[in-house]
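Student: Hi! I have a model open and would like to talk through how its pieces pack. Can we start here?

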Amino acid sequence: MYEILEKKVLSATVKLMKIKAPLVAKKALAGQFIILRTDEKGERIPLTIADYDRKNGTITVIFMEVGKTTKQLGKMKVGDKLLNFAGPLGQPSEIEKYGTVVCIGGGVGIAPLYPIIRELKKAGNYVISILGARNEKLLMLEKEIGEFSDELHICTDDGSKGTKGFVSNVLQSIIDKGKKIDIVWAIGPVIMMKVVADVTKKYNIKTIVSLNPIMVDGTGMCGGCRVSVGNETKFACVDGPEFDGHLVDFNNLMLRNRRFTEEEKHACKLLEEGKL
Amino acid sequence: MAVKKEKHPMPEQKPKERIKNFKEVPYGYDEKTAIEEAKRCLQCKDRPCTKGCPVEIDIPDFIKEIAEGNFDKAVGVLKTKTSLPAVCGRVCPYENQCEGECTLLKIGEPVAIGRLERFLADYERKEGVKTPKIPKSTGKNVAVVGAGPAGLTCAGDLAKMGHKVTVYEALHAPGGVLMYGIPEFRLPKEIVKAEVNYIEKLGVEINYDVIVGKTLTVEELLEEFDAVFIGTGAGLPRWLNIPGENLDGVYSANEFLTRVNMMKAYRFPEYDTPIKIGDVVATFGAGNVAMDCARTSLRLGAKKSIIIYRRTEKEMPARIEEVHHAKEEGVEFKLLTNPIEFIGDEKGILKAVKCIKMELGEPDESGRRRPIPIKGSEFTINIDTALVAIGQSPNPLIPKTVKGLKIGRKGNIETDEEGRTNIPGIFAGGDIATGAATVILAMGAGKKAARAINKYLIKSSNFE
């Protein structure tokens, strides 16, 4: 059992939790994820690691309540225990000195980007961070990310904070100013990663995206998380979750992420009605 | 009195009823039938059946005890060699193992050894499993990676030798393929749990959520333990590698079965993990896993469940019993047929599979006649779900992460006959060493490795 040591409500639907998981914390690296299950009847869901504390043996996850499991998780309190918490899974981010790195986070995707930004900065990169969300309330970790960024750009869809517009617009303006960019990291909604990859492809700027498809075991056993990368089938759980954004078939990913939308809606409805 | 030529039949759920539920198909022998069946055994002096048993069960001895009504004694005989009799008595391919060697085959059907093993295991569970005697500790520690048939057998045997065993399992439940792969109607999960519970009573500790190769490494285990056994199985699904395989509606057998068996998707929404299959399900492949997929589909409500296989019935790798059960339940077989493309609608949802008819040519390296496509014979079948059950490869996680470990051509860990790898102190067995095989062969490998580990531990302590 894995105890929830800390909980923060970041917005109405986004929560942060620090979970006691010493073995996972000992090995976790930026870019990796965990799989958790709240209770005996629960589903196994993957969440990207938002931070790790080796000394205190904790893993931080930040999640948006979108399905039944995340809604239930969001209701859990400090002191409650998760039944299962396995990791770290997937390949860590390839941190090295690239030169100038642009790190783009959208919505809840900002969370897993934070440790990557931190490590990239420690590796001696010039880090430009672009954080975007639908509105001000859905932004997060600005202060923490600001600490490790040489430049920090904020944008919101509705203009409630920072520039009004999308992260891709901000990226485009940075490119237009003639800034030489060596690599881009983009984590967020699939559509955001697709648009960013479309922008950078024109300029041949290598772009890493982190995918979060539907998974079951998370260890390479089921292939439910398979994605098409450069016309090859890859498993996001063991080959990823990070891939070259210019090679990912985002349309197939979006399609595969909708596989159980109906079932999820049904379960959420039952949960709201108190029938589950 | 002449020996009855046939086995006593196994009472089972009627096909029309059982496709509506996930309850076990055969009910098992009652005491009277078990005794009668046991009396068919000739108690041959040369004991040919025992040669066919990978876990070396003293078959004639336990059968003799059953024939005399000494069920407790019979259980004792069984349990000295196997810790998983209720599992073996259900999923072991006895026809190729013990029963394949039975003298009675000369005049008719062999003794129903498998059914008798199951009878005893079920009898014991009903009576209450006795806590086994735990031998004096040797002071040696062994780590077992993977709580599947190989790992559990190895762990149980090592514990019986007095070693302290710690099992590390990546998933949240024990049993490996027994839990995620084999369906409830063939192997109830409560039975797997009961057998695992017995192994825990032997003093074996099982840690879940530990992915060795990620959470811990084999090197770290070697620092803490005197030896490590790797039994991580063949978990990597194989694909057909045809267009459209990533459409919504195409599953690997592993994903489909894991959702249904381990995550209990057949009880969604009570359980959180969903599954949906539509009206027509096509399963590709003709092994036991394929039969499990096709039969599970019927129980989930498919109106039509089709097995699509490129060779003929003769070449099907599934057990005859499984094929028979599938046919009884109404699974259709489209043989000499090979898929060439999955076709989706404008939203990317699977709608059909394009196939081509095959004919058999010359034998290939497996000795089976090679299927050859017949030009111009393409045709399309409308389907809602495709299940790809054409086999699994060894799980690559440990082979990839242990420096210097000798890996075979198929990505398997290379071992000698007794499970020794090229690195002293590291042993391996089951599907990770052989490629996908059967539960009983994995158990046999776990047993042999336990003996080799024991020898290794004694030898290393003599040096100290």
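Student: How many residues of helix α5 in chain A are buried?
Tutor: Seven of the 10 residues in α5(A), residues 167-176, are buried, so this helix is largely enclosed by the rest of the structure. Buried means under 20% relative accessible area, with exposed over 50% and partly exposed in between (1.4 Å probe, protein chains only). Helices (H or I, at least four residues) and strands (E, at least two) are DSSP runs, numbered from the N terminus.

Student: Which residues are the buried ones in α5(A)?
Tutor: They are V167(A), S168(A), V170(A), L171(A), Q172(A), I174(A) and I175(A). These buried residues pack against β8, β9, β10, β12 and α6 of chain A, where contact means heavy atoms within 4.5 Å.

Student: What follows α5(A)?
Tutor: G178(A) does, and its phi is positive, near 90°.

Student: Before I go on, what sort of model is this, and how is it numbered?
Tutor: It is a predicted model: local features need pLDDT of at least 70, side-chain atom pairs count only at pLDDT 80 or more, and totals for chains, interfaces and linings use all residues. Residues are numbered from 1 along each chain as its sequence is written, chains are lettered from A and ligands numbered from 1 in the order in which they are written, and side-chain values use heavy atoms, with hydrogens and water left out.

Student: Thanks! What is the strand order in the seven-stranded sheet of chain A?
Tutor: The order is β11-β10-β9-β8-β12-β13-β16, in an open sheet with mixed pairing. Two strands pair if DSSP finds at least two bridges between them. At the edges stand β11 (163-164) and β16 (242-244) of chain A, each with a single partner strand, so one side of each has no neighbour in the sheet.

Student: How do β9(A) and β10(A) run?
Tutor: They run parallel: six bridges join β9(A), residues 126-133, to β10(A), residues 151-156. In that pairing S129(A) stands opposite L152(A) of β10(A).

Student: And which strands does helix α3 of chain A touch?
Tutor: Helix α3(A), residues 110-122, packs on the sheet and touches β8 (100-106), β9, β12 (183-187) and β16 of chain A. Its direction makes about 165° with that of β8(A). Helix α6(A), residues 190-202, also packs on the sheet, touching β8, β12 and β13 (207-210) of chain A, and its direction makes about 165° with that of β12(A). For these angles, axes are lines fitted to C-alpha atoms, for helices over the stretch in contact, and angles run from 0 to 180 degrees between N-to-C directions.

Student: Let's zoom in on T156(A). Is it buried or exposed?
Tutor: Buried, with a relative accessible area of 0%. T156(A) is found in strand β10 of chain A.

Student: Which backbone nitrogens does its side chain reach?
Tutor: The T156(A) side chain reaches the backbone nitrogen of G159(A) at 3.1 Å, and that of S160(A) at 3.1 Å. Leaving out residues up to four places away in sequence, T156(A) touches residues including A133(A), R134(A), L139(A) and T163(A).

Student: Switching topic: what about the hairpin of β14(A) and β15(A)?
Tutor: β14(A), residues 226-229, and β15(A), residues 232-235, pair in the antiparallel sense over four bridges, with S228(A) opposite T233(A). Two residues lie between the strands, and G230(A) takes a positive phi near 60°.

Student: Which way do the β14(A) side chains point?
Tutor: R226(A) and S228(A) point one way and V227(A) and V229(A) the other, and all are buried.

Student: Over to chain B. At what angle do helices α5(B) and α7(B) pack?
Tutor: At about 110°, with their axes 10 Å apart; α5(B) covers residues 71-81 and α7(B) residues 113-127. That makes them roughly perpendicular; angles under 35 degrees count as roughly parallel, over 145 as roughly antiparallel, 65 to 115 as roughly perpendicular and the rest as oblique.

Student: Which residues meet there?
Tutor: F71(B), D72(B), A74(B), V75(B), L78(B) and K79(B) in α5(B) meet E117(B), F119(B), L120(B), Y123(B) and E124(B) in α7(B).

How values were computed:
A polar contact is a pair of N or O atoms within 3.5 Å; within protein, one must be able to donate a hydrogen and the other to accept it, and residues adjacent in sequence count only if both atoms are side-chain atoms.
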